[in-house]
Amino acid sequence: MCRAESARWEVSTISKEFPSSVPPMTSRERVLAALARQPVDRTPVANPTSLATVELMDLADAFFPDANREPELMARLAATSYTELGFDSIMPVFSIVQESSALGCKMQWEQKDNWPTVRMDEPIWEEPENIVIPDDFLDHRDITCVLEAIQLLKRQFGDDVAIIGKTMGPWTLGYHGFGVEPFLLMSLDDPAKTRDALDRMKEISVAFGVAQIEAGADALTFPDHATGDLVSGDYYDRYLKDLHIEMVERIPAPLILHICGRTVDRMGFIAETGMAAFHYDSKNSPEESMEAVNGEIALVGNINNPETLFSKGPAEVREEVLRNLEVGVQLIGPECAIPLQTPIENLLEIPKTVRTWHAERAVSRTRH
Amino acid sequence: MATISDIHNATLRDEIEEFLERPEEIERNIELFSRARLLMQDIAVAVIEGDDGQVDRLTRGALDQGIEALEVMDDGLIAGMGIVGIKFRENFLFVPEVLACARAMKAGMAHIEPILMESGVKPIGTVIMGTVKGDLHDIGKNLCIMMLRGAGFVVVDIGVDRSPDEFIDAVEEQGARLLGMSALLTTTMPNMGTTIEAFIDAGLRDDVQIMVGGAPVTQEFADDMGADGYGKDALDCVALAKQLLTDDRV
């Protein structure tokens, strides 16, 4: 039995094996219910950032950098998260650079074994007035690539699996367009100018987000890297909370905010935005994070990437998955885009542990 | 032994009382600022507040009064940046504020550096800093550079996406005994090991102390690659650089 068949077999069998008050769900139903903080038949497994690895590229015969720029390859590689790994969602946007490429940032597309990156040391904007969204922004090849990949995935998997798109938030676009240091200095020196820039950049987030929903995305990841490694929780409140509330109002699909690093000091603010979920990093413990959001937003996460998924084995992965399950984290997955050299065995351990944990609880319920 | 009341500047007293927690750091800063001239205390406060215009004005004023450039640098600029580093480590300050403080320090150093160069005063050390091949991220490296400069090191920043040969060339050209490598991506971390191997192949490994850092890098990874040290943050990088230089001299 190939991995794809094995994954599908496991999913269908599990529904029969683990009785609960919730009827068996498809992966898509499970993810969307969890994002709405509704009951689920079991905890969904998802990574709203990226599950691409070199090993999966080999299996799918779809490689970086082309899989970031060609819709068929993008869709084929993305589908492996469901067909090979048994995750409940598919995320075709592996990187964070599609919009920036379409806006004219200088790019380094790299090779099979490395991520594409924006050359932030060669910024394209100095002033908010420089921010111009090209009329043909949605027709740029790195935008249409994502839209076509979503359409392909929707046709093939749309009834069964949650197709998650990705639109970058304005804070991250600020790093790309202005350069990290100039943008952060502007935020300190001239708050009015910074707000002006954010207001202009948010239109990019909305345009790309809405286009992905029209293409068939069930939900969107919204990375906006106001991380505790760079800025304070107060910064999030001052610059981004209201803006994120506006994004929820204008983008008609569940939004999953993603911010790397230490974020507990801003999770309370994030929980007030109306975002469906927050994809959180292993620098925050599951216990303190659940307490910080107080049931106001779903959490997705937070299996450590560099030290666990990349460097250790299934036993250590299992420990982290169980810790998240025990405190009630609503969707389980890696903390961020996984390292490209992550062993498949470690990724397979995530859905396996989730299913086993639910099976054991079901058996326990039956006995009592 | 000096006490906090021996420091004339009220802002400095508040900074030490409010933000410093480690006894050895409190003691060191009280000792330093209690013997520093009032003008040096004012310069330190201007650095802490990230006021580049004030640092520029006060530094020029101090030099015009005949105060030695070395004293202005050590007791004013570096002392102020020392407090900034501690506040950053303890999350009282974040990157935008640190960038402003570093900009303020730079405004002062613009007056100091030419004088020191002319008088032949040697820095405590020269460090080559760069991000490894395939990695374009530089904010972590740049924070380390700010703190190293803030501690009195001369830093040669060779930029991002640098090959092993570019690191080797920089070390040879500058005659540097210290090298720092940064990586933000797990995909580029192994290039730190590749670079270290290149130094071995070139017969230069014993001539340079190599330190590494970056979000996914760990002490274990640094040890496996054969680095001489790992810094988990910018302040750690400064302590490590000082330690490696001391080891180098033994």
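## Two oblique helices in chain A

In this predicted model, α7(A) and α8(A) lie oblique to each other. Their axes cross at roughly 120° and come within 6 Å. Helix α7(A) covers residues 170-178, and helix α8(A) covers residues 180-189.

From α7(A), the contact draws on G174(A), Y175(A) and F178(A). From α8(A), it draws on V180(A), P182(A), F183(A) and M186(A). By class, these residues are 6 nonpolar and 1 polar, with no charged residue.

## Overall form of chain A

Chain A holds 15 helices and 9 strands. Its C-alpha trace spans about 65 × 45 × 35 Å along the principal axes. The radius of gyration is 20 Å; a compact globule of 368 residues would have one near 21 Å, so the two agree.

Of the 368 residues in chain A, 55% are buried. Take the contacts in chain A with a separation of 6 or more: 72% of them join residues 24 or more positions apart.

## The sheet of chain A

Chain A has an open sheet of 7 strands with parallel pairing. The strand order is β1-β4-β5-β6-β7-β8-β9. At the edges sit β1 (89-90) and β9 (331-334) of chain A, each pairing on one side only.

Within this sheet, β5(A) (residues 219-223) and β6(A) (residues 255-258) pair in parallel over 4 bridges. T221(A) has I256(A) of β6(A) as its bridge partner. Helix α2(A) (residues 27-35) packs on the sheet. This helix touches β1, β4, β5, β7, β8 and β9 of chain A. The direction of α2(A) makes about 55° with that of β4(A).

## The sheet of chain B

Chain B has an open sheet of 5 strands, again with parallel pairing. The order here is β2-β1-β3-β4-β5. Its edge strands are β2 (154-162) and β5 (229-230) of chain B, and each pairs on one side only.

Strands β3(B) (residues 178-182) and β4(B) (residues 209-213) run parallel and are joined by 5 bridges. L179(B) is bridged to I210(B) of β4(B). Two helices pack on this sheet. Helix α7(B) (residues 139-150) touches β1, β2, β3 and β4 of chain B, and its direction makes about 170° with that of β1(B). Helix α9(B) (residues 190-201) touches β1, β3 and β4 of chain B, and its direction makes about 130° with that of β1(B).

## An enclosed helix in chain B

Helix α3(B) spans residues 38-48. Of its 11 residues, 9 are buried, so the helix is largely enclosed by the rest of the structure. The buried residues include M40(B), D42(B), A44(B) and I48(B).

The partners of these buried residues are α1 (10-19), α2 (23-35), α4 (52-64), α5 (69-89) and α6 (95-119) of chain B. Just after α3(B) comes G50(B), with a positive phi of about 65°.

## Where the chains meet

Between the chains, 25 residues of chain A are in contact with 18 residues of chain B. On the chain A side, α8 and α13 (305-309) are the elements that give two or more residues. Helix α8(A) supplies the largest share, 6 residues. The chain A side divides into 12 nonpolar, 7 polar and 6 charged residues.

Terms used. Residues numbered from 1 in each chain as written. Chains lettered and ligands numbered in written order. Predicted model: local features only at pLDDT ≥ 70, side-chain atom pairs only at ≥ 80, totals over all residues. Rg over C-alpha atoms; globule rule 2.2 N^0.38 Å. Buried ≥ 20, exposed ≤ 12 C-beta atoms within 10 Å, placed from the backbone. Contact = placed C-beta atoms within 7 Å. Axes fitted to C-alpha atoms, helices over the stretch in contact; angles between N-to-C directions. Parallel < 35°, antiparallel > 145°, perpendicular 65-115°, else oblique. Nonpolar A, V, L, I, M, F, W, Y, C, P; charged D, E, K, R; others polar. Pairing = 2+ DSSP bridges.
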